[in-house]
Each structure stands twice: as structure tokens, then as C-alpha cells.
Amino acid sequence: LQDIIPQPLLDQYLSMTDPARAQTVDTEIAKHCAYSLPGVALTLGRQNWHCLKDTYETLASDVQWKVRRTLAFSIHELAVILGDQLTAADLVPIFNGFLKDLDEVRIGVLKHLYDFLKLLHADKRREYLYQLQEFVVTDNSRNWRFRYELAEQLILILELYNPNDVYDYLRHIALTLCSDKVSEVRWISFKLVVAILQKFYANNANALGLNFINELVVRFRHCSKWVGRQAFAFICQVGMFSLCL
């Protein structure tokens with residue numbers, strides 16, 4: 001029970017997630033309910049999250065991917081409303097499920113990956129270093145915008161991890177994206193590479209920076225294919241532009 005909004009009104013909202021109603025009343029009703037859930041949660045406040053928890057879990061496991069996709073796009077907003085403790089207990093398991101879902105659902109968490117990860121404690125956040133590599137693989141290899149979004153998010157995510165973690169995990173993803181078949185993905189990845197180098201030198205991790213530069217030279221500067229050597233030239237161009245700024 002709660003005293004923020006009339007209880008019959010809340011009961012009516014919660015009943016909208018009943019699968020039977022979706023079959024007999026409106027097939028889109030669960031999607032509308034999912035879209036409105038962050039607003040309902042904000043109105044009720046985190047102290048009344050228990051009123052919505054079961055409904056949220058029901059929607060998160062809905063058979064319609066559009067419903068799950070709607071929740072995936074707003075899970076970072078719900079995390080802000082609930083705070084770190086409730087997020088870790090109730091949202092992280094659902095977030096992890098979305099990571100393994102269809103690309104149409106995964107893109108929702110990917111677009112706001114930085115916004116969600118920054119709300120987690122450092123130890124919980126570090127667990128996702130092992131899973132970021134999975135975003136490189138998509139159901140449809142022609143879905144290049146997925147990989148483009150990944151590179152953009154990684155540029156932001158760099159600030160959440162220490163130089164050693166960046167070198168051990170994120171560096172490999174950046175190098176893979178730099179060799180992507182789509183030029184748009186490669187170009188944003190060059191910016192990612194430069195951002196990684198800036199991360200190393202800004203944190204006095206000069207040895208890591210030098211190792212990474214040597215790897216770039218071997219992999220791209222001395223590449224037998226012209227596209228690899230072109231990539232090295234573009235990385236240098238982006239780096240020089242960043243220095244000028």
C-alpha cells in the first residue's frame with residue numbers, strides 16, 4: 001500500500017501487464033505500460049518500489065521484444081530513480097538479461113551503457129569488462145550502427161576504469177573496431193584509440209601508452225594492406241587534431 005496516488009488507479013495500471021488482457025483488449029497495452037513505468041516509479045518514489053517490482057519483472061520477461069526493448073531504453077533512468085542499492089539488487093539482473101537478448105533489445109542498453117555503469121559501485125562495474133567484448137558480435141553483421149554506438153559509448157566509459165583495465169580489456173575492442181569493414185565505424189574507432197592514449201598519459205601510465213603506440217605501428221603502419229596504413233594515418237590525424245584542441 002502507498003498514499004502517493006489513488007490505490008485503484010495504481011491497481012488499474014498494474015493490471016495492464018496481465019497477458020490475458022494483452023490478448024483480449026490490446027496487444028500494445030504492455031508496451032504502453034513499459035513506456036510509462038519510469039514515470040510511475042518517479043511519482044511513487046523509491047520507497048514504494050515494492051509496488052512496481054513484480055510488474056517490472058513481468059514486463060522484462062514479456063514475449064514481445066518491443067516491450068523488452070522499451071524497458072531496455074529506459075533502465076538507466078529507472079536506476080537514477082531507485083538509487084544504487086535497489087539498482088544492484090533489482091535492476092542489474094534484468095540488465096544482464098537484456099545484454100543477452102535480441103539486438104533490437106541490446107541496442108537499448110548499449111545506447112545508455114555509460115549512463116547505467118556509472119551508477120554502479122566500482123566492483124560491480126568492473127564485472128562488465130568481461131562482457132563488453134560481446135557487443136562486437138551482432139545477430140546481423142550488417143548492423144554496423146551497433147558497432148558504431150559501441151565505439152561511442154566506450155569513449156565515455158574510459159573514465160570509469162583505471163588504465164590497466166583499459167589496456168587489458170578495452171584496447172582489444174578498439175583495435176577490432178579499427179579494422180571494421182564499414183568506414184564510419186573505423187572513423188569513430190580512431191577517436192576511441194586516441195582517447196585511450198590520452199587516458200594512459202593523463203594518468204601517468206606512460207609504459208602502457210608506449211606499448212599501445214608500438215602495437216598500432218606494427219598492426220597498422222606496417223600493414224600489408226593499404227587500408228591498414230590509411231588507418232594509421234587517420235589515427236595520427238585525429239591525435240594531432242586533439243592536441244590542437
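Me: How many residues of domain 1 are in contact with domain 2?
Reply: This is a predicted model, with local features needing pLDDT of at least 70 and side-chain atom pairs pLDDT 80 or more, while totals for chains, interfaces and linings use all residues. Residues are numbered from 1 along each chain as its sequence is written, and side-chain values use heavy atoms, without hydrogens or water. Contact means heavy atoms within 4.5 Å. Seven residues of domain 2 are touched, and the number on the domain 1 side is seven.

Me: How far apart are the centres of domain 1 and domain 2?
Reply: The bounds come from an automatic or database domain assignment. Domain 1 covers 1-120 and domain 2 covers 150-244. Taken over C-alpha atoms, their centres are separated by 36 Å.

Me: What area is buried between domain 1 and domain 2?
Reply: Buried area is the accessible area (1.4 Å probe) that two parts lose on being put together, summed over both. Carbon and sulfur atoms give 72% of this one. The total is about 600 Å².

Me: Which residues of domain 1 lose the most area to domain 2?
Reply: Three residues stand out here. Together they make up 78% of what the domain 1 side buries. They are L110, Y114 and L117.

Me: How many residue pairs are in polar contact between domain 1 and domain 2?
Reply: A polar contact is a pair of N or O atoms within 3.5 Å; within protein, one must be able to donate a hydrogen and the other to accept it, and residues adjacent in sequence count only if both atoms are side-chain atoms. Both residues must be at pLDDT 80 or more, and the count is four.

Me: Which helix gives the most to the side of domain 1 that touches domain 2?
Reply: Helices are DSSP runs (H or I, at least four residues), numbered from the N terminus. α6 (103-111) and α7 (113-117) each supply at least two residues of that side. The top contributor, with three residues, is α7.

Me: Which residue forms a salt bridge with D90?
Reply: A salt bridge is a side-chain nitrogen of Lys or Arg within 4 Å of a carboxyl oxygen of Asp or Glu. Here the closest N and O atoms are 3.4 Å apart, between D90 and K53. D90 is in helix α5 (residues 65-99) and its partner in helix α4 (residues 53-60), so the pair ties together parts 37 residues apart in sequence. The partner of D90 is K53.

Me: How far apart are the end C-alpha atoms of helix α11?
Reply: The expected span is 1.5 Å times one less than the number of residues. Helix α11 (residues 183-202) has 20 residues, so it should span 28 Å. The model agrees, with its end C-alpha atoms separated by 29 Å.
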